[in-house]
Amino acid sequence: MTSETYSLEPAEKVDLWRQRYFEAQAAAEEFVLGEHGEEGLAGWIDANSRITAELLRAQRPDGVSAADHFMTRLQRQLMLYDSAVSIEPQPSGSVLRNADCGILRYRKEAARDGVVLTFKSPCGYCQNLNTAIATRYVEPDVTVSSDQAGDGCTWRAERLHAPEEDAADSPQRG
């Protein structure tokens with residue numbers, strides 16, 4: 001080690017933050033599973049979803065629905081890991097397509113580098129956690145669901161009734 005001052009390049013900082021977050025998350029998961037088993041993991045997801053939903057309520061921009069805010073947050077989270085992700089508006093809500101999950105890719109690389117992973121795949125945890133966040137946060141008439149496909153997934157935030165259906169059923173129609 002030298003006494004020279006060294007600054008990290010922006011890309012190095014991003015990689016280091018990813019690594020540190022990954023390490024902290026893996027340690028928390030290992031501790032919870034080791035000390036409390038699957039029941040503890042369910043409690044961890046419950047606490048994490050409650051805290052995150054409260055933060056989202058406090059951070060939601062004016063004029064943005066909770067469902068749109070949730071989907072944008074999920075998209076940005078996936079983009080932190082360079083996922084191939086997009087959101088497509090639909091008449092009843094929106095669809096987030098994660099064609100190549102950077103989180104999954106990052107974990108596979110970590111495993112190849114000798115990191116012992118808590119979960120064989122992070123997908124079940126991610127789906128359970130984000131579904132629990134959505135259940136606590138998005139509007140009651142919105143259903144959030146996910147499907148896994150290969151190295152990616154698809155998330156849907158769908159209103160029970162499309163806006164056109166609501167307008168057609170409105171007594172104010174003339």
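Biologist: Contact means heavy atoms within 4.5 Å. On that basis, which residues does H69 touch, not counting residues up to four places away in sequence?

Modeller: H69 touches L56, Q59, R60, P61, V64 and Y137. This is a predicted model, in which local features need pLDDT of at least 70 and side-chain atom pairs count only at pLDDT 80 or more, while totals for chains, interfaces and linings use all residues. Residues are numbered from 1 along each chain as its sequence is written, and side-chain values use heavy atoms, with hydrogens and water left out.

Biologist: Where is H69 found, and is H69 buried or exposed?

Modeller: H69 is in helix α2; helices (H or I, at least four residues) and strands (E, at least two) are DSSP runs, numbered from the N terminus. H69 counts as buried because its relative accessibility is 12%. Buried means under 20% relative accessible area, exposed over 50%, and partly exposed in between, with a 1.4 Å probe and protein chains only.

Biologist: What is the overall make-up, then: how many helices and strands are there?

Modeller: The protein has 5 helices and 4 strands, and along the sequence they follow the pattern α-α-β-β-α-α-β-β-α. The C-alpha trace spans about 80 × 40 × 35 Å along its principal axes. Of the 174 residues, 34% are buried.

Biologist: In what order do the strands sit in the sheet?

Modeller: The 4 strands form an open sheet in the order β1-β2-β4-β3, with antiparallel pairing. Two strands pair if DSSP finds at least two bridges between them. At the edges are β1 (84–90) and β3, each of which pairs on one side only. From one strand to the next, the twist averages 15°.

Biologist: How many bridges join β2 and β4?

Modeller: Strand β2 (residues 93–100) and β4 pair over 6 bridges in the antiparallel sense. As for individual partners, N98 is bridged to C153 in β4.

Biologist: Which helices lie on these strands?

Modeller: Helix α2 lies across β1, β2, β3 and β4 and runs at about 10° to β2. Helix α4 also packs on the sheet, touching β3 and β4, and its direction makes about 170° with that of β3. Axes here are lines fitted to C-alpha atoms, for helices over the stretch in contact, and angles run from 0 to 180 degrees between N-to-C directions.

Biologist: Turning to helix packing, at what angle do α1 and α3 cross?

Modeller: Their axes cross at roughly 80° and come within 12 Å. That makes α1 roughly perpendicular to α3, since angles of 65 to 115 degrees count as roughly perpendicular, under 35 as roughly parallel, over 145 as roughly antiparallel and the rest as oblique. The contact is made by D15, R18, Q19, F22 and E29 of α1 with Y106, R107 and A110 of α3.

Biologist: Which residues touch the most other members of the largest nonpolar core?

Modeller: Of its 32 residues, they are F70, L78, L96, Y137, V138, V144 and W155. A nonpolar core is a set of buried Ala, Val, Leu, Ile, Met, Phe, Trp, Tyr and Cys residues joined through side-chain atoms within 4.5 Å. The elements that each supply at least two residues include α1 (10–59), α2 (66–79), α4 (123–137) and β4 (152–159).

Biologist: What does V144 touch, not counting residues up to four places away in sequence?

Modeller: V144 touches F70, T131, A134, V138, W155, R156 and A157.
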